[in-house]
Amino acid sequence: MDTIGADIVVKTLLEEGVEAIFGYPGANTLPLNDRLTGSRIRHYLMRHEQGAAHAADGYARATGKVGVCLSTSGPGATNMVTGIATAYMDSTPMVAITAQVNSDLWGRDAFQETDIIGITMPITKHSFMVRDVNQIASSFRQAFELAGSGRTGPVLVDIPRDILSAPCGDQPKRRPAAPPSKPAGNPEQIERIAQALSRSERPVIIIGGGVKLGNACDRATEFVQTAQVPFVTTMMGIGSVATTNGFNLGFIGTHGNELANRTVHQADFILALGTRFTERSTSRIEEFAPLATVAQIDIDPTSIGKNIRVDLPLVGDIREALAALIPLIVSRERKAWQERIRTDRQTLGEKLIDGGCGQAGTLIRKIQAAMPRETIAVADVGLNQIWTVRTWQSHSPRSLLTSGGMGTMGFSLPAAIGARVGAPDRDVVAICGDGGFHMNIQELATISTYRLPIKIVVINNGHLGMIRQMQDLFYEARFTTSFLGDTVDLTAVAKGFGIQAERVAMDEDPEEAIARMASAPGPYMLEAMVDPNAYVYPIIPPGRSNVEMICGK
Amino acid sequence: MAIEERTISMLVNNQPGVLSRIAGVFSSRGYNIRSLCVAETINPEVSRITLTSRAESDFTEKIKKQLDKLVDIISVTDFTGAPSVQRELMLVSLLLTVENRREVLRAVDLFGCRVVTMSEDHLILEITANKDKTAAILKYFEPFGVEEMNRTGAIAVFRQKREG
């Protein structure tokens, strides 16, 4: 066989360390599918391109490596859009490959032609249209470099079929890449941040998703221990430092922990690590942390001061910046501050039964108890997400994956596939609601075909629970378009896909069913029937501040 | 925050799609591009884009950071408030009548406009000036009957600092 463009793609992917691709073929991907077959790269055939993008995303979140997905042109490419946007919003390193129609057909509305570069421009870090077979290697190398460096994110490579099929000679060898420069940031500013922290009486650290993305979880833990300063996280930051760490106050924001929100509100100094302060975390921005001097460290200059006023900005690699900060910190015992937090923890803890998560909280706690310690939980979106992130104890980073920024329903099932492929020695449990389960239900077939031992928990309340809760609280209980019903037998559906499944009512004890799921060697679905009136508390009404939480109806 | 006119100049890779990415940075944040000028530099692989936009005073910091992140942008310079020479080219097509001919020609002379073509009832002027002056000239000629007008938008270079 002569060497063609597709061979160069495969070779470049191998050089970049790619082991798995999640994809769905079409006429235009065929040259690549053909040449992938003989290689060491495993192509996982998903059942929908959106699933392929989420699987690549889940793979990247579980491993820290760049996830790769592949689709054909036209509908294949547009189906990946939601998955690419999901990765973009949570800064997941990803390379999305889309095949394109032959280059002589561009702009002619050819069959399955679409301007995917134009469509994805606002949701990618960058994109490449490969116009020449000799550009393939350099385009892919740059794509991987961009996806995995700085503030990581998705990069798209669009490659026409004729270029995949074009004969070509040997390509220049990959030059050993210079190790990416990872600056800690301005040393004087680091000094100022250290001084401000050491001087402060009521400091709090806010840990965002950037700490995981910057592989700085161990440094963040060391920092917390050295500085003896309490920390809160954003939803994306959960688990960067073990949730069981004594300095952890929980996560902030709309559905966050009241203790975390209240403590930030009282703080006189905030050190923000890898967070852009989205409104989901801050609620009413004018009333967020009104007393605090804010120091913010981020690799991305545009994230600094994007949403809130920052007194001490530092652009730098979070891992290096923390390494530079740690020796400068003067550890102090702040008795009054610790006492205040301790008292708050006690009084607020008593306010909520079961952490505000009701039956579902109990269910998730029991599931975690039955599964191995290193299990990865993949939460979907809606009530199930909040129940999961509030309940699941992350003992190590990359143990809790969820679509935080984009809030994509249907994320959990395909992302769990990617997580399991990336981390085959860890157990994976996908936790979703009945609404989100439907959205990528076709991926049950992928799980079944590859016999991926993923545990699927569908918390079924017959409703779009979070929509129902908002209608109940903020629209005078006028329920509309939030009822899903019970006409679909999800357990039978799962069985139809070849997956063992059972239903359990939450007024019974789910422990035995959970034990059966945990000990099943293959995939297993547990459908847990919960009360549609079980909501999540606390919740912050739209337009209010983080301290105006509602703790019940 | 105060709204002001901003002049931004960028060196970019001379490739398809680059302008679209830059436009996206402005449009997705609700900024309107008021004028835009794109041309190759001495190096044919590099283009210079000069644009103006009206925006809040923290515009430069926020937009510049976003522009700096684009892979195809080589450098971003803000000319606003800096010592620079800014010019735009304007072509104005005017109707001439027996009554206005004398006054129009006097003004052409006064403003230093260049006459590109002239017939009995019609005149095309070329004006090169900074945009305040082009605006003033246009305003003056409007009552005489401007048939058509087209302008390039501003381009700019820094005033060189003389050493020693």
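Predicted model: local features only at pLDDT ≥ 70, side-chain atom pairs only at ≥ 80, totals over all residues.
Reader: Is D109(A) buried or exposed?

Author: D109(A) lies in the loop between strand 4 (94-100) and helix 6 (116-120) of chain A. Its phi is positive, about 50 degrees, although D109(A) is not a glycine. Because D109(A) has 8 other C-beta atoms within 10 Å, D109(A) is exposed.

Reader: How many C-beta neighbours inside 10 Å does A477(A) have?

Author: A477(A) belongs to the loop between helix 21 (465-474) and helix 22 (490-496) of chain A. This residue, other than glycine, has a positive phi near 55 degrees. A477(A) counts as exposed because the number of its C-beta neighbours inside 10 Å is 10.

Reader: What radius of gyration does chain A have?

Author: The C-alpha atoms of chain A occupy a box of roughly 75 × 60 × 40 Å along the principal axes. For 553 residues, a compact globule would have a radius of gyration near 24 Å. Chain A agrees with that expectation, at 24 Å.

Reader: What percentage of contacts in chain A, among those between residues at least 6 apart in sequence, join residues at least 24 apart?

Author: Chain A contains 23 helices and 18 strands, and buried residues account for 55% of its 553 residues. Among contacts between residues at least 6 apart in sequence, the share joining residues at least 24 apart is 76%.

Reader: How many charged residues are on the side of domain 1 of chain A that touches domain 2 of chain A?

Author: Chain A is divided into domain 1 (5-165), domain 2 (187-351) and domain 3 (353-529). The centres of domain 1 and domain 2 of chain A, taken over C-alpha atoms, are 36 Å apart. Their contact draws six residues from domain 1 of chain A and seven residues from domain 2 of chain A. On the domain 1 side of this contact, there are no nonpolar residues, four polar residues and, as to charged residues, two.

Reader: How many nonpolar residues does chain A have on the side that touches chain B?

Author: The contact involves eight residues from chain A and nine residues from chain B. On the chain A side, no residues are charged, three are polar, and the number of nonpolar residues is five.

Reader: Which strand of chain B gives the most to the side of domain 1 of chain B that touches domain 2 of chain B?

Author: Chain B is divided into domain 1 (3-82) and domain 2 (86-157), with 29 Å between their centres, taken over C-alpha atoms. The contact takes eight residues from domain 1 of chain B and six residues from domain 2 of chain B. On the domain 1 side, the elements giving two or more residues are strand 1 (3-13), strand 2 (33-40) and strand 3 (46-56) of chain B. The most, three residues, comes from strand 2 of chain B.

Reader: Why do the buried residues of helix 1 of chain B lie on the same side, and against which elements do they pack?

Author: The buried residues of helix 1 (residues 18-27) of chain B are R21(B), I22(B) and F26(B). They lie on the same side of helix 1 of chain B because they cover an arc of only 145 degrees around the axis. The face turned away from that buried side carries the exposed residues S20(B) and S27(B). The elements against which the buried residues pack are strand 2, strand 3 and helix 2 (59-69) of chain B.

Reader: Which residue in strand 8 of chain B is the bridge partner of L94(B)?

Author: Strand 5 (residues 84-95) of chain B pairs in the antiparallel sense with strand 9 (residues 155-158) over four bridges, and R87(B) stands opposite I155(B) there. Strand 5 of chain B also pairs in the antiparallel sense with strand 7 (residues 122-129) over eight bridges, where L89(B) stands opposite T128(B). With strand 8 (residues 146-151) of chain B, strand 5 pairs in the antiparallel sense over five bridges. In strand 8 of chain B, the bridge partner of L94(B) is V146(B).

Conventions
Residues numbered from 1 in each chain as written. Chains lettered and ligands numbered in written order. Contact = placed C-beta atoms within 7 Å. Nonpolar A, V, L, I, M, F, W, Y, C, P; charged D, E, K, R; others polar. Domains from an automatic or database assignment. Rg over C-alpha atoms; globule rule 2.2 N^0.38 Å. Buried ≥ 20, exposed ≤ 12 C-beta atoms within 10 Å, placed from the backbone. Arc of directions from axis to C-beta. Pairing = 2+ DSSP bridges.
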